[in-house]
Amino acid sequence: MKYSFLLIALFVVQIIFGQNRFQQLDSLLTTLYKNGQINGNFLIAEEGQVLYKKSFGIANEETKQPLDENSIFELASVSKQFTAMAIMILSEKGKLNLDDHLAKFIPELAFYKDITIRHLLNHTSGLPDYVEFLEKSFDKSKIATNNDIISIFAQKQPRVIFNPNSTYEYSNTGYVLLASIIEKTSGETYASFLQKSIFKPLKMNNTFVYTRRLAPKKIDNYAYGYVYSESLKKYVLPDNIEETNSVVWLDGIVGDGSINSTVNDLLKWDRALYKNKLLSKNGIEEMFKVATLNDSTKTKYGYGWQIDNHDEFGKIVYHGGGWPGYATFFARHITNDKTIIILQNHDNITLPLNPIRNILYGKNEINKTIFSDEQLQKFVGDYELQPGFIIEIVRQNDRLYGKTAGQPTLELTPETQNSFLLEEIGALIMFSFNPDGTVKSLTFSQGGMKLEGMRLK
């Protein structure tokens with residue numbers, strides 16, 4: 001009994017600390033919502049216990065149904081971790097080997113001689129993006145499926161943009177082909193295999209593959225994704241805007257997106273990964289191991305997960321997702337067992353990741369460099385990193401954010417007068433200047449990769 005007072009005191013301190021963080025998180029997110037900067041569901045957990053969970057905004061603009069904790073969102077690229085898990089399950093069952101060649105399962109693409117399943121998993125295949133080819137070759141009055149992509153690639157035979165495993169470049173094409181490999185190997189549809197092998201065993205009852213335009217059905221509590229129309233001055237479905245109506249004719253494609261879920265189900269998924277419920281311990285460790293390129297360079301991607309070994313916060317595995325109307329993020333701080341889940345269904349909004357993480361760890365948010373309004377404004381603009389691949393630097397109040405098509409908006413944290421961190425993805429942006437002091441270009445650095453982007457006029 002002599003320890004009871006100490007234990008009670010520690011318990012009280014933990015409660016007060018937890019309440020303080022709850023209040024800080026609530027103050028942050030409520031302010032952002034009032035300013036029109038967020039619309040979605042947020043769940044923050046520590047050792048599996050929910051520290052903060054709240055819904056902000058509307059699930060259906062037509063009916064004005066509000067979001068709640070059971071609202072179901074399109075996960076966009078957060079779906080990739082489930083595709084990767086399905087491949088790993090098949091591997092441990094002896095149905096495939098990660099070093100099997102693509103041609104073994106999709107013989108129509110046998111001209112890609114050196115690409116393996118492992119290359120598809122960790123984005124080192126060199127395959128070009130499928131959207132570019134469908135834009136030119138597909139009848140957009142129809143809805144494309146994975147088989148259409150295979151057919152068009154077999155017909156056009158686009159060359160790899162680099163030799164397999166010589167570099168890292170994020171590839172949606174690779175994950176589409178992984179979904180097709182899952183189907184050919186299991187003899188089931190991608191949707192049914194994931195349902196039977198992942199979602200049902202984990203009691204993720206509100207998680208499923210859903211192609212809303214190809215195979216519509218009634219789903220209670222569905223969070224429709226909306227984009228902002230400048231001409232109409234309101235949020236509308238992306239189907240109704242020319243710039244984003246690709247969501248219709250790309251709707252039948254699975255593997256790189258298409259999974260829908262809730263914050264509660266994703267917390268179940270998070271806990272299951274700690275307990276090796278679906279894979280062996282070795283399988284889980286392999287999934288969270290970064291790829292090694294031919295020149296021994298380490299990337300920052302495993303199988304369906306970005307990987308960051310942070311000096312201060314330990315090992316973090318995470319993924320973001322962006323699709324017209326949706327901005328999602330899921331991070332697992334493995335070393336410290338903390339979880340951040342963000343599902344949003346309005347476009348042109350922010351993911352307040354840095355302030356959430358700082359509150360979670362009890363840190364005050366301090367920028368190392370302070371800029372005036374005039375100084376911040378000079379960085380704003382569009383920068384072309386590769387043909388057709390543009391990063392847009394935007395300003396909201398006293399902060400800068402980076403936006404690219406199909407990915408969530410991320411905050412730029414100042415480091416020096418010309419460099420900023422994208423902490424969520426372990427990247428650095430450095431700006432170079434013209435003699436007159438205007439910004440000339442930026443250099444994006446991540447995992448040994450560097451891309452220079454000239455500022456567009």
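Analyst: We begin with a definition: two strands count as paired if DSSP finds at least two bridges between them. The model is predicted. In general, strands of a sheet pair through backbone hydrogen bonds, either parallel or antiparallel. Here, Ala 331 has Ile 340 in strand 13 as its bridge partner, and the bridge partner of His 333 in strand 13 is Lys 338.

User: How many bridges join strand 12 to strand 13?

Analyst: Seven bridges join strand 12, residues 326-333, to strand 13, residues 338-344, and the two run antiparallel. Four residues lie between the strands of this hairpin, where Asp 337 takes a positive phi near 50°.

User: In which sense do strand 1 and strand 13 pair?

Analyst: Strand 1 pairs with strand 13 in the antiparallel sense, over seven bridges. As one of the partners, Ala 45 is bridged to Thr 339 of strand 13.

User: What is the order of the strands in the open sheet?

Analyst: The open sheet has six strands in the order 2-1-13-12-11-10, with antiparallel pairing. Strand 2 (49-56) and strand 10 (306-310) each have a single partner strand, so one side of each is left without a neighbour in the sheet. From one strand to the next, the twist averages 15°.

User: Which helix packs on the sheet?

Analyst: Helix 10, residues 263-274, packs on the sheet and touches strand 1 (40-46), strand 2, strand 12 and strand 13. The direction of helix 10 makes about 150° with that of strand 13.

User: Are the faces of strand 13 covered or uncovered?

Analyst: The general idea is that in a regular strand the side chains alternate between the two faces of the sheet. In strand 13 both faces are covered. Lys 338, Ile 340, Ile 342 and Gln 344 are buried on one side, and Thr 339, Ile 341 and Leu 343 are buried on the other. Seven of the seven residues of strand 13 are buried.

User: Which residues touch the most other members of the largest nonpolar core?

Analyst: They are Phe 82, Met 85, Leu 134, Ile 198 and Trp 269, in a core of 83 residues. Helix 2 (residues 80-92) gives the most to this core, with eight residues. Leaving aside neighbours within four places in sequence, Phe 82 has contacts that include Leu 75, Leu 194, Ile 198, Leu 266 and Trp 269. Apart from this core lies another, of 42 residues, among them Ile 38, Phe 42, Tyr 318 and Ala 327.

User: Is Asn 60 buried or exposed?

Analyst: The cut-off for buried is under 20% relative accessible area. Asn 60 has a relative accessible area of 11%, so Asn 60 is buried. Asn 60 lies in strand 3, residues 58-60. The side chain of Asn 60 reaches the backbone nitrogen of Glu 62 at 2.8 Å, and a polar atom of that side chain lies 3.1 Å from the backbone nitrogen of Thr 63. Beyond its neighbours within four places in sequence, Asn 60 is in contact with Gln 65, Tyr 224 and Tyr 226.

User: What is the relative accessibility of Ala 59?

Analyst: Ala 59, also found in strand 3, is at 0% relative accessibility and therefore counts as buried. With neighbours within four places in sequence left aside, the contacts of Ala 59 include Gln 65, Pro 66, Tyr 222 and Asn 345. The C-alpha atoms of Ala 59 and Val 227 are separated by 13 Å, while the two residues are 168 residues apart along the chain.

Key. Residues are numbered from 1 along each chain as its sequence is written. This is a predicted model: local features need pLDDT of at least 70, side-chain atom pairs count only at pLDDT 80 or more; totals for chains, interfaces and linings use all residues. Side-chain values use heavy atoms; hydrogens and water are left out. Buried means under 20% relative accessible area, exposed over 50%, partly exposed in between (1.4 Å probe, protein chains only). A polar contact is a pair of N or O atoms within 3.5 Å; within protein, one must be able to donate a hydrogen and the other to accept it, and residues adjacent in sequence count only if both atoms are side-chain atoms. Contact means heavy atoms within 4.5 Å. Axes are lines fitted to C-alpha atoms, for helices over the stretch in contact, and angles run from 0 to 180 degrees between N-to-C directions. A nonpolar core is a set of buried Ala, Val, Leu, Ile, Met, Phe, Trp, Tyr and Cys residues joined through side-chain atoms within 4.5 Å.
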